[in-house]
2 protein chains.
Amino acid sequence: MPAQVPQGTSASAAISREELQLATRNHGMPLEALRWPVTPVGLHYLLIHYDIPMVDAGAWRLEVGGLVRRSRSLTLAELKSRPQVTVPVTMECAGNGRARLSPRAVSQPWLVEEVGTARWTGTPLWPLLEEADVAADAAEIVFTGLDRGVEGGVEQRYERSLPVAQARREEVLLVWEVNGQPLPPQHGHPLRLLVPGWYGMASVKWLARITVVAEPFQGYQQARAYRWRQDPDEAGVPVGPIAPRSLMIPPGIPEFLTRRRVVPAGPCLLEGRAWSGWGPVVAVEVDTGDGWRPARLDPPEAPHAWQAWSYPWRPPASGEYELRCRARDASGREQPPEPPWNLGGYADNSPHAVQVTVAPAGASG
Amino acid sequence: MPAQVPQGTSASAAISREELQLATRNHGMPLEALRWPVTPVGLHYLLIHYDIPMVDAGAWRLEVGGLVRRSRSLTLAELKSRPQVTVPVTMECAGNGRARLSPRAVSQPWLVEEVGTARWTGTPLWPLLEEADVAADAAEIVFTGLDRGVEGGVEQRYERSLPVAQARREEVLLVWEVNGQPLPPQHGHPLRLLVPGWYGMASVKWLARITVVAEPFQGYQQARAYRWRQDPDEAGVPVGPIAPRSLMIPPGIPEFLTRRRVVPAGPCLLEGRAWSGWGPVVAVEVDTGDGWRPARLDPPEAPHAWQAWSYPWRPPASGEYELRCRARDASGREQPPEPPWNLGGYADNSPHAVQVTVAPAGASG
């Protein structure tokens, strides 16, 4: 972390009114919802930059243009008549963990639970672009949403681009259903982009326009936000694939205000889920106070869906414990012991820690 | 407000880590969702005291007992075979507005948007109790949920009671659907109580047991929480019906961090919704900087559903404005100019204020 508190960050442990306004609108996935392999609608994390648009799906069109030979304007019915796939995908906010950093970027103050896994239904993106006949000198594809606001002094629609090589991945979809239902307003009704394995900022919601361009896109959400930098003057490195992370279903029952857990004496099966955008998770370890030990790990249901893990814990005595978990993926990336500090507060994937009180044997519970 | 900062409250404008943990789990209704007369699932406010239980609806039973002649144990199918009603009901959290108070109770730090209107489907409560044959000396009905935690040092399931006179209201329902879908986990799957017109704490989720009792229930959520008091030593007055409130759809577009609105020059139709648990709303007024003026007000779709209002505003010049709205109901209750301070931070229904920048005429927008 830097010696001085950079502009736009706060070194205070306390959260400001502006951060609270964002925390009251947006929400994480309550950690106990890790029990569900597919996150129920309403429990998946949500980050809405501006306002949720109210879109008339009948009047809506997807415009495909820019450096293509055949521009297109597609209705939702036309999109739905294309080949369909349904796939479970774990999505996470790039700012997950931000409020654990010090100093922290003043933005949505996420702790650790900004994640969810949904079954998305849609059609692959690239065949549509092939039909539009993308020019040979295309560099990137720009995706424009209907949500509009001011950020960093710039009035904008939410827009992000993908390099052509990313956009060609067969996993990249245009989706209109989540968990078997039409997309609800907050997830991008009637259509959103889905970029499996990347942080959620890439999966543009309320998608209205796809534009093929010859130069790297310089929009706010690409060139200024979502970049890993230590200093405001750096160009920085764009945030892309999801860093490995594991979370634990908090065992026992919570104390309302502190969320500290109370666990009865005796054996306690710790369970959770782990994921990475860089490849399958190959190991999860748990530390209950005496070092890291391997957990049992299930294979993923699909390439970009989280994996269940479990660890049988027998607390040696009543008292206070800190339980932690960490994941390592097939690329060799592992959750680091300390948060990787950066100016925007992205991708803090240091281990999840759960504070637990084990009740004395014989106590009611 | 008190001269000293009472125990369990904070006089700091900043939000603590414990409050943030709650704000990250629970969420309000993004204010732009006021556009929908029925709030889509996932946008309705949510306050979960403990953990969301994962309930097997097939194994679940509703137990009806206590001071009844015929105890019952009902399956969900048995409940669904009873007479059904579907009704739109506006629900609001009793703590809505808490974080605007100073000092404020250290709890879920709500601002103003903890509300939602859903179409709930279920069966009236009282006929079920009549069949169970309630004893003549019954005073209250206790409703016990499956959610369990520790609060105020007391380990508990979430439990609340209603006086018999309240429980007999034909509007009080046992509900299993919201907006035409089975209740999702976060709204009480498979069954919850619905007490229209009362703050949400009365509408017990994950309902498992109904117990008829002869004495006023002394459980934590009844005798200690959800009571209007100035001092911790007071018994206080229970919080019940929803105080009148109106909210405004923030006009224009937001600035990401501050949520301040940017509105183009020219006519601007202000719109919103208003409700009260004490009777229909009879007047909404808007103040754009030169005093309170009457808004146009629609009748409610149902007795406990919010009412739409609108007010044509023509900003006299570009610049900064604060827009406010307030409601008055048929009982004569009106939103007060200042928050009504109380220890638990309940029912702060002082007016909603929206900060707006009107752009100069001719500016892009």
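Tutor: Before we look at chain A, a word on domains: their bounds come from an automatic or database domain assignment. Here, chain A splits into domain 1 (9–238) and domain 2 (245–358).

Student: What should I know about the model and its numbering?

Tutor: This is a predicted model, where local features need pLDDT of at least 70, side-chain atom pairs count only at pLDDT 80 or more, and totals for chains, interfaces and linings use all residues. Residues are numbered from 1 along each chain as its sequence is written, while chains are lettered from A and ligands numbered from 1 in the order in which they are written.

Student: How many residues does each domain of chain A put into the contact between them?

Tutor: Two residues are in contact if their C-beta atoms, placed from the backbone, lie within 7 Å. The centres of domain 1 of chain A and domain 2 of chain A, taken over C-alpha atoms, are 27 Å apart. Domain 1 of chain A brings 33 residues to the contact and domain 2 of chain A brings 24 residues. On the domain 1 side, the residues divide into 15 nonpolar, 8 polar and 10 charged. For those classes, Ala, Val, Leu, Ile, Met, Phe, Trp, Tyr, Cys and Pro count as nonpolar, Asp, Glu, Lys and Arg as charged, and the others, Gly among them, as polar.

Student: How many helices and strands does chain A have?

Tutor: Helices (H or I, at least four residues) and strands (E, at least two) are DSSP runs, numbered from the N terminus. By that count, chain A has 5 helices and 24 strands. Along its principal axes, the C-alpha trace of chain A spans about 75 × 45 × 40 Å.

Student: What relates chain A to chain B?

Tutor: Copies are superposed by least squares on the C-alpha atoms of residues with pLDDT of at least 70 in both. A rotation of 180° with 0.0 Å of shift along its axis puts chain A on chain B (RMSD 0.0 Å). That is the relation of a two-fold axis. In chain A, A:G42 has the C-alpha nearest the axis, 1.9 Å from it.

Student: And which element gives the largest share of the side of chain A that touches chain B?

Tutor: Start with the totals: 50 residues of chain A are in contact with 50 residues of chain B. On the chain A side, α1, β7 (140–151) and β16 (253–254) each supply at least two residues, and the largest share, 7 residues, comes from α1(A). That side of chain A divides into 27 nonpolar, 12 polar and 11 charged residues. The copies meet through the same surface, because 100% of the interface residues of chain A are also interface residues in chain B.

Student: Is α1 of chain A mostly covered or mostly open?

Tutor: A residue is buried if 20 or more other C-beta atoms lie within 10 Å of its own, exposed if 12 or fewer, and partly exposed in between, with C-beta atoms placed from the backbone. Helix α1 (residues 17–25) of chain A is mostly covered, with 7 of its 9 residues buried. Among them are A:L20, A:L22 and A:A23. The buried residues of α1(A) pack against α1 (17–25) of chain B. Over chain A, buried residues make up 49% of the 365 residues.

Student: How do I read a sheet, say the one with β16 in chain B?

Tutor: Two strands pair if DSSP finds at least two bridges between them. In chain B, 6 strands form an open sheet in the order β16-β17-β24-β23-β19-β20, with mixed pairing. Its edge strands, β16 (253–254) and β20 (292–294) of chain B, each pair on one side only. Inside that order, β19 (residues 281–287) and β23 (residues 319–329) of chain B run antiparallel, joined by 6 bridges.
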